[in-house]
Amino acid sequence: MALLESENRRLRRDEKMFRLLCETSNSAFIYYNYREDRIRTIANWDYFFDFSIENIKDFSRLYDKVEEKYAILLREGLFIENHNRDRESFEIQLKEKNLCVEVEVNIVYDADRKPTDKIIRFKDVTKINAQKDELTYMAYYDILTGLYNRNCFVRILGELLRKATREMRTVAVMFVDFDDFRRVNDGMGIIAGDEVIQLFGQYLSGLMSEQVVISHFSTDIYCIAIYDPCGARSVETIYQVIRERLKTPFRLTDGQEVTMTVSVGVSEYPEAASGTLELINCAEIVMFKAKSKGKDAIQYFDGAILEDFLQTVNIQTMLREVVFEQNFTMNYQPQYYAEDKRLRGVEALIRWKDDEGDSISPAVFIPIAEKNGTIVPIGNWVIEKSVQTYAHWRDTYHYPMLLSLNVSAVQCKQKDFIESLLQIIQKYDVSPEEIELEITETILIEDFGYISGRLARLRETGVKISLDDFGTGFSSLSYLKGLPIDTLKIDKSFVDTMLTDNNTKIIIESIIYMVKRLGYETIAEGVETEEQFAYLKDLSCDIIQGYYLGRPMPDEGIEELLEGLTAKV
Ligand code: C2E
Ligand code: CA
Ligand code: CA
């Protein structure tokens, strides 16, 4: 008796446990016992269905509840014992409740393979499926714009290239990059930035077709692939359509308006490259060219641009590995007073020989070093090396002259630039009056107030300032007035053509006239012939530098020169 009592208690406990399990499982069950021919619905039945099932016939009521295309699947699936199967699971969609339901059917057979019990489980998988969809979506689309993402774009582009090979067509890639996007992101906040990206993305998605695939590549970059570009889907047409749109500002939700422009690089398969990533890279590289041309422009692929780029990358790598004392040397080019050809001083010019002994022109590597910041240590090395050499000459030959040093904008903007320059000068016992810094207009333009303040401070110490390459930049004579400079260096390009081109002649004459009136000295550089020299002297240009009077030369060359001069004294 006690045994039966305890057995009953165990059964009640078990039953409670099973009921709890069912009820908390988010599922509903149909249990059917073949021998008793009895059907029970268990757990969350009401969640799925608003009718009950009492016998096998009622199963047909289930078919009405599912989307039509699932009806047969469900009917077959519920009676797998007809096919002597044990287990089956499939998904159906409930019509009214709009639920995605996983149905699992289990049959229990006896030793003679006769079905004894059937358990059907209905499980709500709507949420899981939505999450799965979202993950798939995220793998292919960009959330912000709804356009294809980078990965997906690369995949589709690969398919387009294969198709183009088969059909002997071309595929163009347009690399579209917002100009000055930082202005929006930093100035108006990233929410505004995101909105601009989104609005433009929405606009671009309207241009999509089977042949035109558009992706949001990264932050402010969109990539467009055009299969067989021609007619309405030619690169030029699409570019013009985009530019037309950009003429109207983007209106943000907070009412602000933003006008944007884009720079576009274009590469075409198979001309530019044969692989997807190379093709995109080529488009990106030429896009940078469009930017450097002044933005709001389109640039088509061109082998020379690629060459240039590869050279830049190559030089960047070499710059990282360069050993200053081993690879760099200094050359010095003499400057003379036009009046009596007396030596005025020397301009220090850096020379780079790589480990193979090939020289790389400073005109090529200095701009790259300026971009990647290596100009700062290089510039410091140049200053130290030249000042040291200069001090040695002065102590040996006692010839009074100037040392001209080229300084880049990046270098000049360094916080400790003035202090470290003065320190080096002091270290070699050179006085500031013996030093001249050659700066370019770009230094001034970038940050006029700050830089001219610095230059003024330098001039107070006695250092001279010379404005290099005059005429190649903004070169407005009117802004010269009041600049903290002593000397103005007329660019070689004027000297080159002044005797053959009348316009240049007029310009150079008026420059020299104006500059003298403003109280600055003038230097002409790149003077190669006697005629040029005579003409400039005639115009009362003060100083002459160029191959005609002396090429840039290593230390020994200048030493020979100074020896000759001091022997004469
Ligand atoms: P730059 O400052 O305008 O230097 C004058 C350039 O013209 C030098 O080229 C010089 O060798 C060349 N040159 C001088 N006279 C003649 C001539 O009569 N005919 C011809 N055809 N060329 C002449 P280089 O040495 O190749 O330097 C190129 C540029 O690289 C320089 O132009 C300067 O902007 C930069 N650079 C050179 N050394 C340094 C340096 O130490 N620091 C910085 N920041 N820039 C440097
Ligand atoms: Ca110079
Ligand atoms: Ca120059």
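These legends go with close-up views of a predicted model. Local features here need pLDDT of at least 70, side-chain atom pairs count only at pLDDT 80 or more, and totals for chains, interfaces and linings use all residues. Residues are numbered from 1 along each chain as its sequence is written, chains are lettered from A and ligands numbered from 1 in written order, and side-chain values use heavy atoms, with hydrogens and water left out.

**View 1. An open sheet of 5 strands, in the order 7-8-6-11-12.** The pairing is mixed. Strand 7 (212-218) and strand 12 (298-300) sit at the edges with a single partner strand each, so one side of each has no neighbour in the sheet. On average, neighbouring strands are turned by 20° against each other, direction ignored. Strands here are DSSP runs of E with at least two residues, helices are runs of H or I with at least four, and both are numbered from the N terminus. Two strands pair if DSSP finds at least two bridges between them.

**View 2. Strand 6 against strand 8.** Residues 171-178 (strand 6) and 221-227 (strand 8) run antiparallel, joined by 7 bridges. Look for Phe175, which stands opposite Cys223 in strand 8.

**View 3. A nonpolar surface patch around Met138.** Leu135, Tyr137, Met138 and Ile143 make up this patch of about 420 Å². Met138 belongs to helix 5 (residues 126-140) and, at 40% relative accessibility, is partly exposed. Patch residues have over 30% relative accessible area and no salt bridge, with nonpolar side chains joined within 5 Å and like charges within 9 Å. A salt bridge puts a side-chain nitrogen of Lys or Arg within 4 Å of a carboxyl oxygen of Asp or Glu. Areas are Shrake-Rupley values with a 1.4 Å probe; buried means under 20%, exposed over 50%, and partly exposed in between.

**View 4. The calcium ion (ligand 3) and its protein donors.** Asp468 is buried at 7% relative accessible area, while Asp469 is partly exposed at 26%. Donors are N, O and S atoms within 2.8 Å of the metal (3.2 Å for Na, K and Ca); water is not among the atoms, so sites may look incomplete.

Terms used
Axes are lines fitted to C-alpha atoms, for helices over the stretch in contact, and angles run from 0 to 180 degrees between N-to-C directions. Buried means under 20% relative accessible area, exposed over 50%, partly exposed in between (1.4 Å probe, protein chains only).
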